[in-house]
Amino acid sequence: MSAVTTPAHPAPSRDSGGINVKLVNRIVIYGLLALFALFYLMPLFVMLVTSFKTMDEIQNGNMLSLPKAPTFEPWLKAWGQTCVGLTCAGIKGYFWNSIKMVVPAVIISTLLGALNGYVLTKWRFRGHTLVFGLMLFACFIPFQSVLLPMATILGSLGRFGVTLQNSVGTSFGLGNPTVNLVFVHVVYGIGFTTLFFRNYYEAFPTELVKAAQVDGASFFQIFRRIMLPNSMPIFVVTVIYQFTNIWNDFLFASAYAGTGDAMPMTVALNNVVNTSTGVVEYNVNMAAAMIAALPTLLVYVLAGRYFVRGLMAGAVKG
Amino acid sequence: MAFLEIDGLRKRFGQVEILKGINLELEKGGFLVLVGPSGCGKSTLLNTIAGLETITSGEIRIDGRAVNDLHPSKRDIAMVFQSYALYPNMTVAGNISFGMEMRGVPADERQKAIDKVAKVLQIGHLLNRKPSQLSGGQRQRVAMGRALVRDPKLFLFDEPLSNLDAKLRVDMRIEIKRLHATTGTTIVYVTHDQIEAMTLATKIAVMRDGEVQQFGTPAEIYNNPANVFVADFMGSPAMNLIPATIGGNGGDLAVVLDREARQPISLPMANAPAGLSAFKGKPVIFGVRPEALTDPEGAERNASHIATADCHIEVVEPAGSDTFAVTNLGGKGVVARLRADANIQPGTNTPLAFNLTKAVFFDPATENRIL
């Protein structure tokens, strides 16, 4: 009997020792977590409080203190009046520029990635691994190395657009900076989206495709009716990834639409902050930066809970 | 002319030949079971009939029409998959009617067909559920419903019961058999379970390494196996395959079985197969099913030729309905099937009756049957 009870009631000294070690571990873990959270949240906090302060308060007060009289003035100014380069109509136009570029780029690159993944796993052809390998390679090409060749291609497309304009009457958007950016981001994004979807569809039961074939569904009917409706998790992952990347892109945006009316948000923000005339309006700059960051935050909040789930689904399901 | 005919079917993946010249035929309303161990090519064969795999050479005809180059949907077949392959995003009704939808059948006709099938399979209350909300047996039923609703010429089943638990498997087996009996459909069914093969089939094709080892009715396969592989694969417990020699005086042959540390048993043979005399004095493989090796009181009364011999019982396994006794003959464990109430003790010597009319002989070199 004693032999049975001993393990259930260990010596008190050992017990308290265990608790102490546990407690120290907890303190270290949570302490580190709190430290890093602080580290990451501090800039956001400074941005947020600064954007609600008046210029007087910023110049005379503490950077970390809360605004004494919170004002939306900087936000309104950033949105509607601040100067981007020489035009002083706020950043709202550039915000819509970004939306007009990001939405089609995300949709097209995601759908093409899904289609590629579908073909590479369910309609295998000779050399499919080579094709997939080359697609993967696209993920590792540095942005900088494609800048000049891409500029040449976009130039040719633009000239072709002019030719079309003269002969047919419409350029079909060729040469338009927004269309150019959509094209660049789709091309650059296909590698990633294909990788995501291929890995997801690799674990997707092939018997479903066979059953649909026996049922008489065509290549695209299977894609639309069977594959896409069952791809929600990986869709969310891909959309978040692509949206964040394309929205935040500065290099392509400044290289191919760095001036003029089609300038995306990131470039416009840079121009707002880098203005060389007058006083630097920190509150307006911060508000503009917050506005620029909002869509990606929104996408995370709305779809974020699927993000982890999607990554897990691809990884764990056999 | 048979309903389903497969002629000289070959399938090659690169250098590897998966199917090495398959010839099969099945009459209308028949139930053909393809059975064999994993990797024998039975599922590949089914997929070639379905059109989900291309073939290298040969011909497949359904109802007199060569279907080699037809798309699966044009072959007038329906298939039930091992994983059921129900579309997770559609309801049960959607799953059942998807094929009709793809063929452009109007909605009201589809609804009628769904209702009819739901009635046959008793899944009416499940029609609005998603596959994830169904149990294994219900999914199985829906998968069969999806096949049935098409009213095809040929049904293909790919190990449909292997994902179910043991009890449900028996229930569904009976249900499939009943379905076959009431609807009179023609079925090709793949399984690795020899009991499913025996109970369901009107014709069995036992396969190994891409070749048909034997093709015949369940009774033929069971009682007259063509070679050692078929004899060993079909039947549970498996047939006893005992190394033996053929002895005897003059024209009378006898089977001589070695025993450990004792005189060999000599079983006199009457009506021995004609080919056996050539093996006189040579080794053979003596095949006897456990039910043909039993206690003398339990031996089949109308068997014409029974030989009795004393055997040393090593293990006794009471299985409820029967009692299995293991003895050692020719250096191998040999299973005898006795009545449940047979009075038998391990470690004793007991007379066992060999029903030699049911015995078969194989050539140890080729492993083929000696006729």
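Me: What covers the buried residues of H2(B)?
Reply: Helix H3 (107–121) and helix H4 (136–148) of chain B are among what covers them. This is a predicted model: local features need pLDDT of at least 70, side-chain atom pairs count only at pLDDT 80 or more, and totals for chains, interfaces and linings use all residues. Residues are numbered from 1 along each chain as its sequence is written, while chains are lettered from A and ligands numbered from 1 in the order in which they are written.

Me: How many residues of H2(B) are buried?
Reply: 8 of the 11 residues in helix H2 (residues 92–102) of chain B are buried, so the helix is mostly covered. Buried means that 20 or more other C-beta atoms lie within 10 Å of the residue's own; 12 or fewer is exposed, in between is partly exposed, and C-beta atoms are placed from the backbone. Helices (H or I, at least four residues) and strands (E, at least two) are DSSP runs, numbered from the N terminus.

Me: Which ones are buried?
Reply: Val92(B), Ala93(B), Asn95(B), Ile96(B), Ser97(B), Phe98(B), Gly99(B) and Met100(B).

Me: And what follows H2(B)?
Reply: Gly104(B) follows, with a positive phi near 75°.

Me: You mentioned H4(B). Which strands does H4(B) touch?
Reply: First the sheet. An open sheet of 6 strands in chain B runs E6-E7-E8-E3-E9-E10, with mixed pairing. Strands pair if DSSP finds at least two bridges between them. Strand E6 (77–80) and strand E10 (211–216) of chain B are at the edges with a single partner strand each, so one side of each has no neighbour in the sheet. From one strand to the next, the twist averages 15°. H4(B) packs on this sheet and touches E6 and strand E7 (154–158) of chain B. The direction of H4(B) makes about 175° with that of E6(B). Axes here are lines fitted to C-alpha atoms, for helices over the stretch in contact, and angles run from 0 to 180 degrees between N-to-C directions.

Me: In which sense do E3(B) and E9 pair?
Reply: Parallel, over 4 bridges, with strand E9 covering residues 203–208 of chain B. In that pairing, Leu32(B) stands opposite Lys203(B) in E9(B).

Me: What about the sheet with E1 and E2 in chain B? What order do the strands take?
Reply: E2-E1-E4-E5, 4 strands in an open sheet, with antiparallel pairing. Strand E2 (16–26) and strand E5 (65–66) of chain B are the edge strands, each pairing on one side only. Strand E1 (residues 4–13) of chain B and E2(B) run antiparallel, joined by 8 bridges. Ile6(B) stands opposite Leu24(B) in E2(B). Helix H1 (residues 42–50) of chain B packs on the sheet, where it touches E1, E2 and strand E4 (57–62) of chain B. The direction of H1 makes about 65° with that of E2(B).

Me: Switching to chain A. How many helices and strands?
Reply: 14 helices and 0 strands. Of its 318 residues, 34% count as buried.

Me: Where are its domains?
Reply: Domain 1 of chain A is 2–73 and domain 2 is 75–316. Those bounds come from an automatic or database domain assignment. The C-alpha centres of the two domains lie 36 Å apart. Their contact takes 9 residues from domain 1 and 10 residues from domain 2. Contact means C-beta atoms, placed from the backbone, within 7 Å.

Me: Which helix gives the most on the domain 1 side?
Reply: H2(A), with 4 residues on the side that touches domain 2 of chain A. By class, that side of domain 1 has 5 nonpolar, 2 polar and 2 charged residues. Ala, Val, Leu, Ile, Met, Phe, Trp, Tyr, Cys and Pro count as nonpolar, Asp, Glu, Lys and Arg as charged, and the others, Gly among them, as polar.

Me: Now the two chains. How many residues are in contact?
Reply: 14 residues of chain A are in contact with 17 residues of chain B. Helix H9 (206–214) and helix H10 (219–227) of chain A each supply at least two residues of the chain A side. H9(A) gives the most to that side, with 6 residues.

Me: What does the model score?
Reply: ipTM 0.81 and pTM 0.80. Mean pLDDT for chain B is 90, and 100% of its residues reach 70 or more. pLDDT is the predictor's confidence in each residue, from 0 to 100.

Terms used. Contact = placed C-beta atoms within 7 Å.
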